[in-house]
Amino acid sequence: MAATTSRSPTTPLGNQINTKSPHSNQNPITNIKPLVPLSERRRLTTALASLKCHESQNKAIEPKPLREDSLYQLNSKDPNALARPLTSNHFSNGSRLRVAYQGVSGAYSESAAVKAYPNCEAVPCEQFDTAFEAVERWLVDRAVLPIENSLGGSIHRNYDLLLRHSLHIVGEVKQPIRHCLLANRGVKMEDLKRVLSHPQALAQCENTLTRLGLIREAVDNTAVAAKHVAFRKLKDVGAVGSSAAARIYGLDILAQDIQDDTDNVTRFMILAREPIIPGTDRPFKTSLVFSLEEGPGVLFKALAVFAMRDINLTNLSCYICCQIESRPLQKQALKALDNCNNGFPKYFPYLFYADFEASMADQNAQNALGHLEEMATFLRVLGSYPTDISMP
């Protein structure tokens, strides 16, 4: 079925938070920014009205620069006037939430956003950066963005953006990916010479596309590819995308399930301005990033802090060393960290990203991170959030 959304008035996120949390005595994971002043919220509401996308135009939002000196400034001694961290129960159907995703209507990311918040207003963004900025600038309430694929691995760009921005992972969504070969009405398989799609989608369908002898061309998004083929009325070019994209843009499905592996799943992260208050009432996952000094066995010692406490690092076979994504830090991220003046070393070889199956409310998890902090040159918890148990 095509993903559908219902439109609803936008209200500031702070008005929707239940301040009577059973965990109100617990400290949040990180410092919480104050709410935007009422006058600023009114100005943002006006800006939102002008930026609201019409489905018929399929326009992506592009946040306008806001006055930095007016954001997050609320001089009040009333503790109830400050933003509160979210509770793990703050997951309604999203009927009053604006949720950003990357791409255009018909993208897999849109389906993930609607799966996370069935009655939300899904807001398309042209780039991943735009979605991060939209949440930070109060243009949307959440962002749902891909972080890893079971076949293609990590989306490195979003790992870098997690370091550059101050958002928190507050949930995850696992979305099955079922690729289709799409073309305009009346076009047959033998008419196709080229096919457009996202680089990972093309890679995931390599065997099928090679067998068909199609030239592959990469674009930013699977739905963007479908839209381009439809709007240009191309007769010798197809697209790899979702069945929802086919319905939205009036394309025929020439072949279904063309991915090389049927177990093709993308994990999306849900981002918010405030962190979740960790709980123990359901399965939780914690994501973090850290770096270590160079030396023999340092990574083994770092991982041992979890093993000795029976804390499971998830997807042990997916990446190097137990769901750890090890990669050189890009210059852009290094500059951002340097500007934060947070004690991060100026020169270092690698960052390590890890997920483990435990809540930060668990004493074992706190002890493990305390132990890790003793040997890490940099450590940041990206989020502690409920696990998506809808898929194994």
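Figure 1. Helix α7 is followed by Lys 233, a residue whose phi is positive, near 55°. This close-up, like the others, is taken from a predicted model.

**Figure 2. The buried residues of helix α7.** Helix α7 spans residues 222-232, and its buried residues are Thr 222, Ala 223, Ala 225, Ala 226, Lys 227, Val 229 and Ala 230. An α-helix has 3.6 residues a turn, so residues three or four places apart point the same way. The buried residues of α7 pack against the helices α2 (108-116), α5 (199-204) and α8 (243-249), and against the strands β7 (180-183), β8 (194-197) and β10 (237-241).

Figure 3. Arg 98 belongs to strand β2, which covers residues 98-102. Arg 98 counts as buried because its relative accessibility is 4%, under the cut-off of 20%. The side chain of Arg 98 makes a polar contact of 2.9 Å with the side chain of Glu 121. A polar atom of the Arg 98 side chain also lies 3.1 Å from the backbone oxygen of Leu 139.

**Figure 4. The packing of helices α3 and α4.** The axes of α3 (residues 128-136) and α4 (residues 156-164) come within 10 Å and cross at roughly 30°. The two helices, α3 and α4, are therefore roughly parallel to each other, and their crossing is right-handed. Phe 128, Asp 129 and Phe 132 of α3 meet Arg 157, Asn 158, Leu 161, Leu 162 and Arg 164 of α4. The residues of this contact comprise four nonpolar, one polar and three charged.

Definitions and conventions: Residues are numbered from 1 along each chain as its sequence is written. This is a predicted model: local features need pLDDT of at least 70, side-chain atom pairs count only at pLDDT 80 or more; totals for chains, interfaces and linings use all residues. Side-chain values use heavy atoms; hydrogens and water are left out. Buried means under 20% relative accessible area, exposed over 50%, partly exposed in between (1.4 Å probe, protein chains only). Helices (H or I, at least four residues) and strands (E, at least two) are DSSP runs, numbered from the N terminus. Contact means heavy atoms within 4.5 Å. A polar contact is a pair of N or O atoms within 3.5 Å; within protein, one must be able to donate a hydrogen and the other to accept it, and residues adjacent in sequence count only if both atoms are side-chain atoms. Axes are lines fitted to C-alpha atoms, for helices over the stretch in contact, and angles run from 0 to 180 degrees between N-to-C directions. Angles under 35 degrees count as roughly parallel, over 145 as roughly antiparallel, 65 to 115 as roughly perpendicular and the rest as oblique. A crossing is left-handed if the near helix is turned anticlockwise from the far one by less than a right angle, and right-handed if clockwise. Ala, Val, Leu, Ile, Met, Phe, Trp, Tyr, Cys and Pro count as nonpolar, Asp, Glu, Lys and Arg as charged, and the others, Gly among them, as polar.
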